[in-house]
Amino acid sequence: MKSTTSTSSNRPGLNDLSKVELSGAVLMKMRFAQLLNAGSTAWQARKVAELRDVLAIEQIGGPIKVLAADLSGDLKITVEMRMPVPRRPTEESGLRLGDHAVLGLLYTFEATRQPQPGTSFVYILDPGDVWHPNVSSGNLPVQVLCLGPSVPAGFPLKHILLLTYASLTMMAAQFDDLDPAGVLNREAAQWWQRNAHLLPLSREPFLKTTQARKVAT
Amino acid sequence: MKSFAQSGRKRTRRRAAANPRPARTARFPRLVGTCADAAAALARLRVAIVGCGSVGGRVALHLARCGVRGLVLIDPKKYRPVSLLTHECYTETIGQNKADVMATVCRSICPDLEVRVYVKPVQDLLLSDLVEADVVVMATDNLPAEVDTGQRCIWLGKPLVHAALHGETLTASVRFFLNSDGQGPCPACLFGPQEWRDHDANLRRYSCDGTAHDPCLEGTGVVPTRSLSFLCAMSADLATNQVIRHALGLGRSVGDTMVEYNGYTHRTVVVPLGRNSNCPCEHVQYRVVRSTRQISDLTMRELVEMAGANHKSRDLLLQIPNMRWIDQMTCKCGAVTVVRHFQPYGDLCTKKCQTCKRIVVAGPMDASGAVATAAFDSVLDVPIRRLGARAMSQATLRDANRAWLIVPAHREARQ
């Protein structure tokens, strides 16, 4: 079986980000971040490539805006992601939906060569009350999003963003608090099980221009 | 009246007198083509063994009998009843750690053997834990451990002897990775699609609370090697032979070759091993720098200069195991609090915000495990100890093309 990627429009999808030419403010962000990029040649190049992919998503109108990027040690990117974000329900208004989240993305050199815990990549800097079974709710300085029991070595950041989008919009989330993988917020998991009719919070694809892959035989 | 301790000592002395310890060289042959001090050369050799099971355990015994100077034994697993079928173990040792048992046996064979034991997966060792070894022997059926050991040996420039077997075809094979310059082959270079699938299936998984589950250790992922005891011994014998040949320079170089014996045909095949350009491992060698002072007593400037690097270089990256660097923290009020301190992973770093007087806790985005030395500009002449990294047994520095591992010159012998 042979698979091909086709898009209905000429606008690129996730697999075509390397063809996107950065320009304007996005290009300035890239150049600014590259001023201090330390580590081995391979690690420097990897950080640049991952950041470029993220910026390319912003360039083609994806639901993110890069607020800050740091290539000096670990790769750290702060992005604002536009999507419905579930916030802790109140007695008066029930579930509240935010329209964006500010995310901290952390990508270490270790992540390129060893599988990492699903909790080690995405931190929710704002809002501070995300109501999600896979988002921590303890006394940590920021909320942590769990992407699963293990993230394979070298997993691209663009896919981490895609998973984050799917998770926070509740298109793909783990609700079963009895699952061995566990949940990070048991109370939220049980709440969402009782309110499954609210799912998902959005049916918008991550990149609107990307059509489903057509598989040709 | 004699104390128990005194009588015990006397008994030991009496037994020792009855069984005098043989000289290490009593049975050492005059090997063809070697200099006279071949035994002395072996007596300087330190070997690390990753996996002390049916193959690695036997290699340890052989090397102890050959009179090597030291062994580093690494194995997190324990003997099980089924181990009796293939391992050098007895019913009394079931339930005990393999590396621990082998260390005891090797010490009883050769009391002045330096033995260091690590009862944990090789992935959890520091790079500096293997730095004293002259050769690394790997005999594990855990593919993630193979890739990791291969990577460490490339980084450290350590020859790696990989002993393996295939029970169904009575085949014992030993691969020798020379790792002279980091550009040669490694175990991962030789992986095919099936190996990578098995590798991925045996990778660690984490529950939401961060607890690691290792399928290989829990026995849920890996299928134990099915083999016969003699084949394991054959693989161990071949591996030991390669170690000795390399250490004494016997015959043609065994570097980057695989020797394979087949029990059906009695054929032995030797083939060269090649590098795979698509190998995901990093084929770069670290330069090991030994510090005569405690690393934490050095300033950042001294550390960088000792390595021969330039602290003004903007691509120089420092990493201290289990430590993260916190440069500054941002309070919710927007004020920035400068920290410039190392903090152990897992410890909370808190400061009082000078603007709103609230307690600010450093988040994961405020910290960095690897930090550009350019960040140390203002604390370049402060001892690392005062920057929060008090106990450290290694530091690594990387720039675009070079890598350094800084270790103390004298490491305490640990068991």
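Author: Chain A and chain B bury about 2,500 Å² between them, and carbon and sulfur atoms account for 61% of that area. Buried area here is the accessible area, found with a 1.4 Å probe, that two parts lose on being put together, summed over both. The size of an interface is often given in this way, as the accessible area lost when the parts come together.

The model is predicted, so local features need pLDDT of at least 70 and side-chain atom pairs count only at pLDDT 80 or more, while totals for chains, interfaces and linings use all residues. Residues are numbered from 1 along each chain as its sequence is written, chains are lettered from A and ligands numbered from 1 in the order in which they are written, and side-chain values use heavy atoms, with hydrogens and water left out.

The contact between the chains (heavy atoms within 4.5 Å) takes 38 residues from chain A and 32 from chain B. On the chain A side, the residues that lose the most area to chain B are A:Lys76, A:Arg113 and A:Pro141, which together give 19% of what that side buries.

One of these, A:Arg113, also takes part in a salt bridge: its side chain meets that of B:Asp148 at 3.3 Å, N to O. A salt bridge is a side-chain nitrogen of Lys or Arg within 4 Å of a carboxyl oxygen of Asp or Glu. The rule finds one such bridge across the interface of chain A and chain B.

Which elements of chain A give two or more residues to the side that touches chain B? They are helix H2 (41-59), strand E3 (75-90), strand E4 (94-107) and strand E5 (122-126). Helices (H or I, at least four residues) and strands (E, at least two) are DSSP runs, numbered from the N terminus. By class, this side of chain A has 20 nonpolar, 15 polar and three charged residues. Ala, Val, Leu, Ile, Met, Phe, Trp, Tyr, Cys and Pro count as nonpolar, Asp, Glu, Lys and Arg as charged, and the others, Gly among them, as polar.

Now to chain B itself. Its secondary structure comes to nine helices and 20 strands, and its C-alpha trace spans about 75 × 70 × 45 Å along the principal axes. The domain assignment (automatic or from a database) gives domain 1 (30-272) and domain 2 (287-408). The C-alpha centres of these two domains lie 36 Å apart.

Six residues of domain 1 of chain B are in contact with seven of domain 2, and the area buried between the two domains is about 580 Å², 60% of it from carbon and sulfur atoms. In domain 1, B:Leu126, B:Ser128 and B:Val131 lose the most area to domain 2, together 62% of what that side buries. The count of salt bridges between the domains is one. The side chains of B:Arg290 and B:Glu132 meet in a salt bridge at 3.3 Å, N to O. The domain 1 side divides into four nonpolar residues, one polar and one charged.

B:Gln394 sits in the loop between strand E18 (370-372) and strand E19 (395-398) of chain B. The side chain of B:Gln394 reaches the backbone nitrogen of B:Leu127 at 3.1 Å and that of B:Ser128 at 2.7 Å. Leaving out residues up to four places away in sequence, B:Gln394 touches several others, including B:Leu126, B:Ile295 and B:Pro321. At 6% relative accessibility B:Gln394 counts as buried, a word that means under 20% relative accessible area, with exposed over 50% and partly exposed in between (1.4 Å probe, protein chains only).

Buried residues make up 50% of the 415 residues in chain B. Among them is B:Leu73, with a relative accessible area of 0%, in strand E2 (residues 70-74). B:Leu73 and B:Val117 are 44 residues apart in sequence but 4.8 Å apart in space, C-alpha to C-alpha.

Key: Polar contact = N/O pair within 3.5 Å; in protein donor to acceptor, adjacent residues only side chain to side chain.
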